[in-house]
Amino acid sequence: MVRDIKSLSADDLEAQFRDWKQPAYRASQVMEWLYTHRVTSWDAMTNLPKPLRELLRENYALRTLELVRKQGARDTTQKFLWRLADQALIESVVIPANPALYGEASDRHTLCVSTQVGCAYGCKFCASGLEGWKRNLRADEIVEQVLATERWHASEEAKPAEVEGAPRAKAAATDSRFINNLVIMGMGEPLANYDNLLQALKILNAPWGGGIGARKITISTSGLAPQIRKLADDPLQFRLAISLHGATDETRNKIMPVNRKYPLAELTAACDYYQQKKERMITLEYILIAGVNDALAETKPLAELAHRLHAKVNLIPYNRVEDLNWERPTEAVQEAFLAALEKQRVIATLRREKGHDIDAACGQLRLKTERELATQQT
Ligand code: SAH
Ligand code: SF4
């Protein structure tokens, strides 16, 4: 398959232009078209000579994501279902800022991006793993989730205002940035697609690319210990979230098969290493599932772990997945779990979910759409 231009770093692109005996400023022009103006065709790059546009067209693909379905309203959680060139479906979710969660200002938007089609890790509660793993996303497919969301936002801004008397959006808004934070918590296990993920994040982080600060990028993993160590050795200062969901091997083994490969002792040793290298706080994600991991007795080992790793805990009430028999605990149980952690001096938050009614947990919209498509075909 022809390589997509959006999987190239600035160095790659400059090297290519040197090979072609093109001046370096031409590479900068291409990057500006791709990441500032977010164009979707070579012909839109109007300040490039036509023969150069042809050369680019012959050597590189310029693929975009096709929006299949969108759920949610402006200023709430919005979920995008995209179709890739090979027809596979993936999701991204825009989450308006929740300052309590990751400490961002309230005019910010976070994009949750996918890194694989499906997931091989098969956590028992998760929709993404239900139908197995299909393939890794390439770097450009990860980058494009941000660009396509920003293009969608710009087109919305450019629409005439529906409310009479409301000010019309300025044309300049199309180049402004909508996404300021990234969480790598969509479909797939990001650290199982390490090289493509890192290449994409370098592009999204670079000033010539997405311009999103490394500290505004959180990578979530189900616990791939060796890759956590590898990430610790990377110079970029990404934030790390661990999908813990159980603070003992006994609880974790019940719901996360990955724990048999990398049990807690190995996972926490890798987290220690990350913490020492980066000197930044790790987040422990903990979904509360009724009768599985929500007993108050679980807060003791969880608090011990959080203290040892200098980590904060994000409690997330479980989102129901069709076909799975797991339930979220009552609000009283959720609040009691939070209070017990706080009593043990753990920094903890309880996500009072914004996206519950639109299948916001990863993989759910895709699953639903694939099933609907399958029923239509039979
Ligand atoms: N594979 C990575 C990142 C994607 S999953 C990981 O596991 O961390 C992102 C987060 O969504 C994880 O914390 C995951 O456990 C959580 N999640 C999955 N299904 C969920 C559900 N039904 N309700 C709430 N959170 C869910
Ligand atoms: Fe995969 Fe993460 Fe879902 Fe587990 S929770 S199946 S690792 S996407």
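Modeller: Helix α11 (residues 299-309) lies across β10 (283-288) and β11 (312-317), and runs at about 165° to β10. Contact here means heavy atoms within 4.5 Å. This is a predicted model, where local features need pLDDT of at least 70, side-chain atom pairs count only at pLDDT 80 or more, and totals for chains, interfaces and linings use all residues. Residues are numbered from 1 along each chain as its sequence is written, chains are lettered from A and ligands numbered from 1 in the order in which they are written, and side-chain values use heavy atoms, with hydrogens and water left out.

Biologist: What is the order of the strands in the open sheet?

Modeller: Helices (H or I, at least four residues) and strands (E, at least two) are DSSP runs numbered from the N terminus, and two strands pair if DSSP finds at least two bridges between them. The order of the ten strands is β1-β2-β3-β4-β7-β8-β9-β10-β11-β12, with mixed pairing. β1 (66-71) and β12 (348-350) each have a single partner strand, so one side of each lacks a neighbour in the sheet.

Biologist: In which sense do β1 and β2 pair?

Modeller: Antiparallel, over five bridges, with β2 spanning residues 78-83. E66 stands opposite R83 in β2. Helix α5 (residues 139-158) packs on the sheet, and its direction makes about 120° with that of β2. Such angles run from 0 to 180 degrees between N-to-C directions, on axes fitted to C-alpha atoms, for helices over the stretch in contact.

Biologist: Which residues come nearest to ligand 1?

Modeller: A residue is near a molecule if one of its heavy atoms lies within 4 Å of it. Of the 19 residues around ligand 1, the nearest are G188, S220, S243, H245 and N319. A polar contact is a pair of N or O atoms within 3.5 Å. An oxygen atom of ligand 1 is 2.5 Å from a side-chain N or O atom of S243, and an oxygen atom of the ligand is 2.6 Å from one in the side chain of H245. For N319, a backbone N or O atom lies 2.9 Å from a nitrogen atom of ligand 1.

Biologist: Which residues surround ligand 2?

Modeller: Among them are C119, Y121, C123, F125 and E189.

Note on methods. A polar contact is a pair of N or O atoms within 3.5 Å; within protein, one must be able to donate a hydrogen and the other to accept it, and residues adjacent in sequence count only if both atoms are side-chain atoms.
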